[in-house]
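Biologist: I am new to this structure. Please show me how to read a few of its features.

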Amino acid sequence: MSQNSPKNVAVIGAGPAGLVAARELQREGHIVVVFERENQLGGTWIYTPQTDSDPIGVDPNRRIVHSSLYSSLRVNLPREVMGFRDYPFVATKKPNRDPRRYPGHREVLDYLNDFASDFGLIELVRFGTEVGYVGLLENGKWKVSSRKSENDDHVVFVNEEYDAVAICNGRFTEPQIADIPGIEVWPGKQIHSHNYRVPEPFRDQVIVVIGGATSASDISREIAEVAKEVHISSRSALSGTPKKVHGYENLWLHSMIEAVGIDGGVNFHDGSNVYADIIIHCTGYKYHFPFLETNGIVTVDDNRVGPLYKHIFPPAFAPSLSFVGMPWKLIPFPRCELQSKWIAGVLSGRISLLSKEDMIADIDAFYSSLDTSCIPKRYTHNMDFQLDYEDWLAAECGSPPPEKWRKEMFFIAREKIKTQTEIYRDQWDDDDLIIQAHQDFVQFIPELPQVQKLST
């Protein structure tokens with residue numbers, strides 16, 4: 001396929017997805033502007049003690065805080081796995097850095113700042129600039145309307161045209177709330193994990209935590225240090241619940257909530273009942289693109305964003321509209337990197353894309369396979385069901401497939417989260433894979449053998 005002229009591309013969001021998209025687009029020769037509503041890069045990796053004005057996150061007029069980090073958060077994957085393919089996430093000798101293999105959130109933000117600085121991405125970002133509208137014009141270009149507050153009294157509105165738009169605004173801002181029968185009369189408080197920061201406000205309270213993922217596990221255990229009781233309600237709870245969580249005197253695991261009552265009671269499907277003060281929803285997030293106008297062509301239906309070819313291109317607008325970072329349950333940074341390489345190559349004409357009709361047929365076949373496997377629509381972007389996705393992307397881009405050690409390390413780490421919840425971040429037995437990783441990293445960091453040891 002012949003090379004096209006460079007495209008003017010608007011990238012929405014300067015988190016991990018937006019930064020790597022900007023890098024790959026620029027590397028392909030495109031002209032890039034990154035829109036970031038915050039005053040610094042990093043997306044959800046920017047920690048702030050501030051929270052939404054509505055703790056449960058359902059008020060559409062609430063003051064929204066982008067970050068979902070809690071103060072104590074440490075990553076749940078080893079750092080060797082997490083980094084971009086040619087920019088390894090290794091411990092550095094820089095001051096005030098976190099050398100642990102499973103570092104805290106600040107180390108990830110520092111890594112992203114290093115990445116942006118080393119590849120000249122910071123000058124591409126318009127900080128403090130919020131995108132309010134993205135829509136297709138009759139000339140085939142995209143109108144992007146944004147606003148920037150110069151000060152309290154002066155807001156600058158800008159309308160521009162771009163050849164293409166890459167949407168990289170993350171998926172950790174719009175809370176998904178559990179549907180609980182009776183909640184309208186239940187007298188207790190509710191909060192979504194998006195607005196959890198520290199355990200102290202939960203001291204001496206009886207707490208119900210809904211969710212079975214890492215955030216529910218971390219938060220429930222942290223709160224148990226100060227709360228009177230903590231009860232975890234999870235779809236993954238085994239038969240025979242409720243049961244006390246090993247190592248805790250005040251932490252129990254239950255099945256899903258059946259209903260709550262006006263007396264403060266919380267009834268579980270396992271037949272148990274507690275009287276709780278607070279319910280914490282660790283129940284995930286909704287995909288949310290309030291600025292995007294496609295006349296109903298691209299929709300969010302039960303958390304399925306579609307139709308999207310390979311979770312990236314809407315056929316009606318391909319390749320000028322793309323989404324980076326939609327899939328979950330795989331390794332986020334390298335996945336976004338491969339998606340961005342593909343987008344950049346397609347926009348330049350170096351990589352061919354299927355026809356609109358063939359993309360639609362592929363999407364239809366994919367949706368049909370999910371239906372046949374009885375996989376709910378809300379799990380469309382769950383990569384547990386598409387283990388060859390990154391291999392496919394790499395092949396399309398002409399890149400090497402993800403490293404064998406990275407895949408092995410990921411699956412080992414994910415299993416340890418389930419089986420060694422209390423210790424997996426500080427104890428491991430895959431040093432052989434760490435050695436393989438560092439052997440690969442030397443091509444990008446020649447001094448690595450001298451500065452890097454197996455960190456704990």
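Modeller: Start with helix 1: 10 of its 12 residues are buried, so the rest of the structure largely encloses it. Buried means under 20% relative accessible area, exposed over 50%, and partly exposed in between, with a 1.4 Å probe and protein chains only. Helices (H or I, at least four residues) and strands (E, at least two) are DSSP runs, numbered from the N terminus. This is a predicted model, where local features need pLDDT of at least 70 and side-chain atom pairs count only at pLDDT 80 or more, while totals for chains, interfaces and linings use all residues. Residues are numbered from 1 along each chain as its sequence is written, and side-chain values use heavy atoms, with hydrogens and water left out.

Biologist: What covers the buried residues of helix 1?

Modeller: The cover includes strand 1 (8-12), strand 2 (31-35), helix 3 (105-118) and helix 5. Among the buried residues of helix 1 are Arg-23 and Glu-24.

Biologist: Is Lys-341 buried or exposed?

Modeller: Lys-341 is buried, at a relative accessible area of 18%. This lysine lies in helix 5 (residues 332-348). Contact means heavy atoms within 4.5 Å. Leaving aside neighbours within four places in sequence, Lys-341 is in contact with Glu-24, Arg-27, Arg-350, Ile-351, Cys-397 and Ser-399.
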